[in-house]
Amino acid sequence: MPDDTDRFEAVYRATYDQIIAYAGRRCDSPQDAADVVAETFTIVWRKIDELPPGAEARLWVYGVARNVLADHRRSALRHQARHRELDAEMADLYGDPADHNVELNAIAQVFRTLSDDDRELLSLVAWEGLDREEIATMLGLSRNAVRIRLYRARKRFSRALDEADVRFTPASAIVPAGRPL
């Protein structure tokens, strides 16, 4: 009688290609298919004692894959629902008021043209609400170096907004909760 490892290896070799094809045809991405296959064979290993003998083993593995795929789909739906809830919450917090004078898409587009370092500094201030001292500690810089870099980043961002003909008004500022910029 073969031991559990031999039984698992045999069923793995006999069914892997079929299960990866099965998952690949049913998943939205190769990564999702790989996750489904990995979880399927993890369960097969954990439940090796329940593995039926002979040709039924292949069908049993298909059944496990089917259940894993169903779990994967339910998880994806929950994930999408959470994202929709978060998007709605963020829209409430930082939504576009009716009298908004700035095109946020234009600002985002200009922001993406900045260097990684400029975007990081400006994001740490505007989105994370960190002050210069906190940024200095985080980046391992002096407070003065942060002050200078932040000043230059703001100037470059301002110049890029001007070049893109984006006009900024105080009413259009997005300010992190609890902290002034």
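Residues are numbered from 1 along each chain as its sequence is written. Because the model is predicted, local features need pLDDT of at least 70 and side-chain atom pairs count only at pLDDT 80 or more, while totals for chains, interfaces and linings use all residues; side-chain values use heavy atoms, with hydrogens and water left out.

**Exercise 1. The whole chain**

Task: Find how many helices and strands the protein chain has, and what percentage of its residues count as buried.

Solution: Begin with the definition, by which helices (H or I, at least four residues) and strands (E, at least two) are DSSP runs, numbered from the N terminus. With these rules the protein chain has seven helices and zero strands, and its pattern along the sequence reads α-α-α-α-α-α-α. Next comes burial, where buried means under 20% relative accessible area, exposed over 50%, and partly exposed in between, with a 1.4 Å probe and protein chains only. Of the 181 residues in the protein chain, 26% count as buried. A last step looks at contacts, meaning heavy atoms within 4.5 Å: among those in the protein chain with a separation of 6 or more, 62% come from residues 24 or more positions apart.

**Exercise 2. Two residues, His72 and Ser123**

Task: Decide for His72 whether it is buried, partly exposed or exposed, do likewise for Ser123, and list what each residue touches beyond its sequence neighbours.

Solution: First locate His72, which is found in helix H3 (residues 56-94). Its relative accessibility is 24%, so His72 counts as partly exposed. Leaving aside neighbours within four places in sequence, His72 is in contact with Asp32 and Val36. His72 and Asp35 stand 37 residues apart in sequence, and their C-alpha atoms are 8.8 Å apart in space.

Then turn to Ser123, which has its place in helix H5. Here the relative accessibility is 11%, and therefore Ser123 counts as buried. When residues up to four places away in sequence are not counted, Ser123 touches Phe111 and Glu128.

**Exercise 3. Helix H5 and its crossing with H7**

Task: Name the buried residues of H5 and the helices they pack against, and then work out how H5 and H7 are oriented to each other.

Solution: In helix H5 (residues 116-126), the buried residues are Asp118, Leu121, Leu122, Ser123, Leu124 and Val125. These pack against helix H4 (104-113), helix H6 (132-139) and helix H7 (143-163). For the orientation we need axes, which are lines fitted to C-alpha atoms, for helices over the stretch in contact, with angles running from 0 to 180 degrees between N-to-C directions. The axes of H5 and H7 come within 9 Å and cross at roughly 105°. Angles under 35 degrees count as roughly parallel, over 145 as roughly antiparallel, 65 to 115 as roughly perpendicular and the rest as oblique, and H5 and H7 are therefore roughly perpendicular to each other. On the H5 side, the contact is made by Asp118, Leu121, Leu122 and Val125, and on the H7 side by Arg149, Leu150, Ala153, Arg154, Arg156 and Phe157.

**Exercise 4. Aromatic pairs**

Task: Count the aromatic pairs, and classify the pair of Phe8 with Trp45 and the pair of Tyr22 with Tyr62.

Solution: Rings of Phe, Tyr and Trp (its six-membered ring) pair if their centres lie within 6.5 Å; planes under 30 degrees apart count as stacked, over 60 as edge-to-face and the rest as tilted. By this rule there are nine aromatic pairs. For Phe8 and Trp45, the ring centres are 5.4 Å apart and the planes stand at 80°, so this pair is edge-to-face. The pair links distant parts of the chain, with Phe8 in helix H1 (residues 4-26) and Trp45 in helix H2 (residues 30-46), 37 residues apart. Phe8 counts as buried at 16% relative accessibility, whereas Trp45 counts as partly exposed at 41%.

For Tyr22 and Tyr62, the centres are 5.4 Å apart and the planes are at 80°, so this pair is edge-to-face. Tyr22 lies in helix H1 and Tyr62 in helix H3, 40 residues apart, and this pair links distant parts of the chain. Finally, Phe8, Tyr12, Tyr16, Phe41 and Trp45 form one aromatic cluster.
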